[in-house]
Amino acid sequence: MVNEIKLRRSVRKYSDKVISESDMLEIIEAACMAPSAMNQQPWRFKIASDPETKKKVAHSFLTTKFTDKASHIVLYLMDTKCIVPGMAPMDVASAVTISLLEAQNKGIGSCWCGVWPNEKRMEKCKEIFDIKEKRYVPMALVAFGYPKDEEKDEKKTFIADKITSLEGE
């Protein structure tokens with residue numbers, strides 16, 4: 001998995017190749033294996049592959065204008081009726097991260113587009129994906145698709161200066 005972490009990039013240019021339903025379900029299955037507080041698993045998912053929904057998302061935010069070219073878009077939701085609501089945002093973020101890594105493992109590109117805590121984005125996502133129940137909070141949009149461009153080299157982002165020792169304090 002270290003290789004997937006080093007090779008993962010935010011992909012915004014996609015080929016026309018469609019992701020199979022089984023691959024998308026495996027990506028979501030991986031997301032569901034994320035750790036969560038008291039195993040509350042507060043995540044829910046809305047998957048869209050239809051051109052109309054992808055177009056609506058692409059035209060809604062400056063940061064999502066490429067999503068109409070993706071094979072699939074997944075809206076990650078947080079169910080607020082869970083055991084430890086204060087931990088739920090981190091639980092969902094963990095699920096998103098694991099799905100990005102599983103996509104990379106399959107050769108599928110992805111791009112995480114933030115939604116939460118921006119109220120305008122959250123409301124627009126509820127509208128586009130027809131989320132009526134107040135208990136579900138849009139947290140993130142992720143575009144998935146096969147990359148159009150060639151693969152990139154490993155990321156070199158380790159910065160030793162960001163590590164602090166607490167010894168002797």
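What is the relative accessibility of Asp 68, and is this residue counted as buried, partly exposed or exposed?

Modeller: Asp 68 has a relative accessibility of 28% and therefore counts as partly exposed; buried means under 20% relative accessible area, exposed over 50%, and partly exposed in between, with a 1.4 Å probe and protein chains only. This is a predicted model, in which local features need pLDDT of at least 70 and side-chain atom pairs count only at pLDDT 80 or more, whereas totals for chains, interfaces and linings use all residues. Residues are numbered from 1 along each chain as its sequence is written, and side-chain values use heavy atoms, with hydrogens and water left out.

The side chain of Asp 68 meets that of Lys 69 in a salt bridge, at 3.8 Å from N to O; the term denotes a side-chain nitrogen of Lys or Arg within 4 Å of a carboxyl oxygen of Asp or Glu. Lys 69 counts as exposed because its relative accessibility is 55%. Side chains of opposite charge can pair when their charged atoms come close.

The whole structure holds 8 salt bridges. Another joins Asp 130 to Lys 132, whose closest N and O atoms are 2.3 Å apart. Asp 130, at 47% relative accessibility, is partly exposed, while Lys 132 is exposed, with a relative accessible area of 67%. A further salt bridge links the side chains of Asp 23 and Lys 106 at 3.4 Å, N to O. Asp 23 lies in helix 2 and Lys 106 in the loop between helix 4 and strand 3, so this pair ties together parts that are 83 residues apart in sequence. Asp 23 is buried at 18% relative accessibility, and Lys 106 is partly exposed at 22%. Both residues belong to a network of salt bridges that also includes Glu 26 and Glu 102.

Asp 91 is buried yet has no salt bridge, and the nearest side chain of opposite charge, that of Arg 44, is 9.9 Å away; here Lys and Arg count as positive and Asp and Glu as negative, with His and the chain ends not counted. Leaving aside residues up to four places away in sequence, Asp 91 touches Pro 35, Ser 36, Ala 37, Gln 40, Pro 42 and Trp 43, a contact being heavy atoms within 4.5 Å.

The backbone also deserves attention. Most residues other than glycine have a negative phi, and most peptide bonds are trans. Met 38, in the loop between helix 2 and strand 1, is not a glycine but has a positive phi of about 50°. Met 38 counts as exposed at 63% relative accessibility. Gln 41 also lies in the loop between helix 2 and strand 1, with a positive phi near 45°, and is partly exposed at 32% relative accessibility. The peptide bond from Trp 116 to Pro 117 is cis, with omega near 10°, and Pro 117 lies in the loop between strand 3 and helix 5.

As for the overall architecture, the protein chain has 5 helices and 4 strands, these being DSSP runs numbered from the N terminus, with helices as H or I of at least four residues and strands as E of at least two. Their order along the sequence is α-α-β-α-β-α-β-α-β. The largest nonpolar core has 45 residues, and Tyr 76, Phe 129, Leu 141 and Phe 144 have the most contacts inside it. Strand 4 gives the most to this core, with 8 residues. Such a core is a set of buried Ala, Val, Leu, Ile, Met, Phe, Trp, Tyr and Cys residues joined through side-chain atoms within 4.5 Å.

Buried residues make up 43% of the 169 residues in the protein chain. Among contacts between residues at least 6 apart in sequence, 79% join residues at least 24 apart. The C-alpha trace spans about 60 × 40 × 30 Å along its principal axes.
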